[in-house]
Amino acid sequence: MVWPKKISEKLNIKYPLIQAPMFGVSSPEMAFAAARAGCLGSLALADLSADHSIKLIRETKKLTDKDFAVNIFAHTLPVITDSLKEKFVKAKTYIEALAEKHNMEVHLPNFEDITITSYHEQVDAAIQERCKIVSFTFGNLDEKSIQKLKENGIIMIGTCTSVEEALLLERSGIDIICVQGIEAGGHRGTFDADPIPQIGGLSLFSQVYDSVKVPLIYAGGIYNSSTLLAVKNLGAEGFQVGSILLASQESVLKPFEKERLQKVNEKEIVLTRSFSGRYARGITNKYIQTMENSEYILPYPYQNKLTQELRRISKALNNVDFVSIWAGQSIHHYSEQSTESILNKLIFEVESIQ
């Protein structure tokens with residue numbers, strides 16, 4: 001197979017393969033390994049502070065002189081009301097009691113102890129650190145941030161989960177759009193947290209391809225040459241892979257989490273808001289089953305901040321029932337080789353197709 005050239009040339013990479021930014025899974029080492037394979041590495045910054053973001057950017061730059069994407073959450077913050085504060089207290093009390101019921105002592109933060117940051121300081125950090133590529137999800141950047149990035153020659157990659165979102169990104173002057181199918185693992189890139197578009201990846205990509213002119217990356221379900229070729233034939237110029245790297249050497253998942261991946265079946269992959277307040281696809285467990293349809297789910301980022309300590313303690317205890325293991329619908333053997341080896345294998349398989 002001949003690789004599409006448009007995105008490779010724009011991003012200065014040999015192959016139009018993008019290592020997905022997976023907060024809590026990917027790492028500076030994973031971005032470095034992806035770069036070694038001639039692909040684009042991604043550094044997931046989520047909604048970290050500027051100082052923390054700068055620290056991770058510099059760690060990655062120490063490993064590689066290749067360009068990599070820094071990925072941020074372009075979310076809007078919910079209005080703080082008395083109702084939100086009351087709901088927070090109820091959720092905190094309920095989750096602490098749920099943890100205690102399962103033999104875990106967890107002290108979750110109070111509302112006033114939570115620090116919330118917007119993406120604007122991360123945009124400034126990316127500019128300060130001379131990053132070349134910024135990708136984002138959960139919405140679109142505001143006009144001022146887009147202008148700042150353009151003035152500094154930074155390529156922007158936005159995420160869409162619907163045609164409407166793709167059109168908004170294109171009209172805003174975003175350089176490349178990543179089309180995320182419903183089968184993709186991890187958080188949905190949807191602009192509005194609820195309800196979310198539930199469009200299958202191939203159907204969505206075809207509609208977006210017919211609607212916009214900017215180069216498109218496809219994300220969702222790519223795990224071998226056949227799945228990659230399917231979206232290439234639909235017009236994809238780039239291919240983002242995440243789930244195939246979940247158990248890789250550079251993944252920060254713990255051994256018990258990687259072991260759980262190897263045993264997963266199709267009925268156990270679900271969409272849930274219970275950990276972060278935004279829909280994400282991953283492996284079901286007792287926490288998700290208890291929380292999903294309850295009244296104890298706060299809007300993002302408050303649910304996410306509330307449950308961080310629960311997840312931290314659960315990881316320390318190797319408790320698979322209270323951690324978030326995000327994974328897509330394409331279940332396969334999750335290789336524990338290096339990210340570089342996994343990507344090289346995929347590249348070899350694709351290039352073997354006549």
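Residues are numbered from 1 along each chain as its sequence is written, and side-chain values use heavy atoms, with hydrogens and water left out. Because the model is predicted, local features need pLDDT of at least 70 and side-chain atom pairs count only at pLDDT 80 or more, whereas totals for chains, interfaces and linings use all residues. Helices (H or I, at least four residues) and strands (E, at least two) are DSSP runs, numbered from the N terminus.

In β3, I72 is the bridge partner of A46. The chain passes from β2 through α3 to β3 in a right-handed β-α-β crossover, that is, with the strands pointing away from the viewer, the path from the first strand over the helix to the second runs clockwise.

Helix α3 (residues 50–63) also packs against helix α2 (residues 28–36), their axes coming within 9 Å and crossing at roughly 35°. Axes are lines fitted to C-alpha atoms, for helices over the stretch in contact, and angles run from 0 to 180 degrees between N-to-C directions. This crossing of α2 and α3 is right-handed, a term applied if the near helix is turned clockwise from the far one by less than a right angle, and left-handed if anticlockwise. P28, E29, A31 and F32 of α2 meet L56, E59, T60 and L63 of α3, contact meaning heavy atoms within 4.5 Å.

Helix α5 (residues 120–128) packs against α3 at an angle of about 35°, with the axes 9 Å apart. The α3–α5 crossing is right-handed. A50, S53, I54 and R58 of α3 make the contact with E121, Q122, A125 and Q128 of α5.

Elsewhere, an open sheet of 3 strands has the order β7-β11-β10, with antiparallel pairing. Its edge strands, β7 (186–187) and β10 (269–272), each pair on one side only. β10 and β11 (residues 280–283) pair over 4 bridges, and I283 in β11 is the bridge partner of I269.

Notes. Pairing = 2+ DSSP bridges.
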